[in-house]
Amino acid sequence: MVFENIRIKDIHSILHYTPNIKRWRAEKRKNHFLGITLSGSALHSFKNQSFVLSRNCIYFFNQKDDYDVEVFEAGDAFSVHFTTYEDIETDSFCLPIDNPDEIIALLQKAEQLNLVSGSGELSLLSTIYKLCDTFAEARQRAYFPKDMRIHSAKDYIDANFKDADCIDSAVRQCGLSSRRFGELFKGNFGTTPNKYLIQRRIENAKSMLDTQSLTVSEIAELCGFSDVYYFSKVFKQICGVSPSRWK
């Protein structure tokens, strides 16, 4: 599961705090951390990356990632500690932002809901999910700027969607790993390469069903589906009716 698809299991705590020690190591944690640095600065060193968290830096620390902290200047931080139903694949990240008001307001609201007994778990959970969405949007803007390689790959898929290996060919042309290609593709277009390919094939199938005197099996094959039963199943999931009913 990637960060954008978080499914929260439990909210352990919501903390507004100032660290009172200069150095420590965080390891074997049970919770993910999501928050913002309000003042001060500190170096957070992970296995493969390091962040200096300072004023108006938002951060997500994945529970799987251990790290060392060295405080340069003591300051305040505001964070949510939570668990999820599935492991999160996304690595820990830190981003400076220009306007922290919305994030601080959401954290304050979550803190109030968490303190008031009987305030409603759904309201608290809804607020935390909105906070996650805000973090995801900031991460998308920072980590997934427009990448012409990915846009060229999309054009390639559009032109060769009938080929069984069109995604593999697009990945090779970009010179990326399949995982990185998938991350960039979703970051640029909001969907995975496989889902985009299926949608592209179904759109072509709809056009052919409207205009061609061909059987459903023939149209399935011409649109890149080797199995007519799978084609019919996916078509109905997306369009709400079977291909024969559409025709």
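Predicted model: local features only at pLDDT ≥ 70, side-chain atom pairs only at ≥ 80, totals over all residues.
**Exercise 1. Work out how helices α1 and α2 are oriented relative to each other, and which residues bring them into contact.**

Step 1. Let's start with the axes: those of α1 (residues 101-115) and α2 (residues 121-143) come within 9 Å and cross at roughly 160°.

Step 2. Angles over 145 degrees count as roughly antiparallel, and α1 and α2 are therefore roughly antiparallel to each other.

Step 3. For the hand, the crossing of α1 and α2 is left-handed.

Step 4. Now look at who touches whom. On the α1 side the contact is made by E102, I103, L106, L107, K109, A110, L113 and N114, and α2 brings S123, L124, T127, I128, K130, L131, T134 and F135. Sorted by class, the contact of α1 with α2 has nine nonpolar, four polar and three charged residues.

Step 5. The spacing of such lists has a simple background: an α-helix has 3.6 residues a turn, so residues three or four places apart point the same way.

**Exercise 2. Repeat the analysis for helices α3 and α4, including the hand of their crossing.**

Step 1. The axes of α3 (residues 148-160) and α4 (residues 166-174) come within 9 Å, with a crossing angle of roughly 150°.

Step 2. With the cut-off at 145 degrees, α3 and α4 are therefore roughly antiparallel to each other.

Step 3. Here the crossing of α3 and α4 is right-handed.

Step 4. From α3, the residues R149, A153, Y156, I157 and N160 meet C166, I167, S169, A170, Q173 and C174 of α4. Seven residues of this α3 and α4 contact are nonpolar, three are polar and one is charged.

**Exercise 3. Check the length of helix α6 and find what covers its buried residues.**

Step 1. Helix α6 (residues 193-211) has 19 residues, so at 1.5 Å a residue it should span 27 Å.

Step 2. The end C-alpha atoms of α6 are 27 Å apart, which agrees.

Step 3. Next, collect the buried residues of α6: P193, Y196, L197, R201, I202, N204, A205, K206, M208 and L209.

Step 4. Finally, see what lies over them. The cover of the buried residues of α6 includes α3, α4, α5 (178-189), α7 (216-222), α8 (228-239) and α9 (243-246).

**Exercise 4. Decide whether N56 is buried or exposed, and name its contacts.**

Step 1. Setting aside neighbours within four places in sequence, N56 is in contact with I36, T37, L95, P96, I97 and P100.

Notes: Residues numbered from 1 in each chain as written. Heavy atoms only, no water. Axes fitted to C-alpha atoms, helices over the stretch in contact; angles between N-to-C directions. Helix = DSSP H or I, 4+ residues; strand = E, 2+ residues; numbered from the N terminus. Parallel < 35°, antiparallel > 145°, perpendicular 65-115°, else oblique. Left-handed = near helix turned anticlockwise from the far one by under 90°. Contact = heavy atoms within 4.5 Å. Nonpolar A, V, L, I, M, F, W, Y, C, P; charged D, E, K, R; others polar. Expected span 1.5 Å × (residues − 1). Buried < 20%, exposed > 50% of the residue type's maximum accessible area, 1.4 Å probe, protein only.
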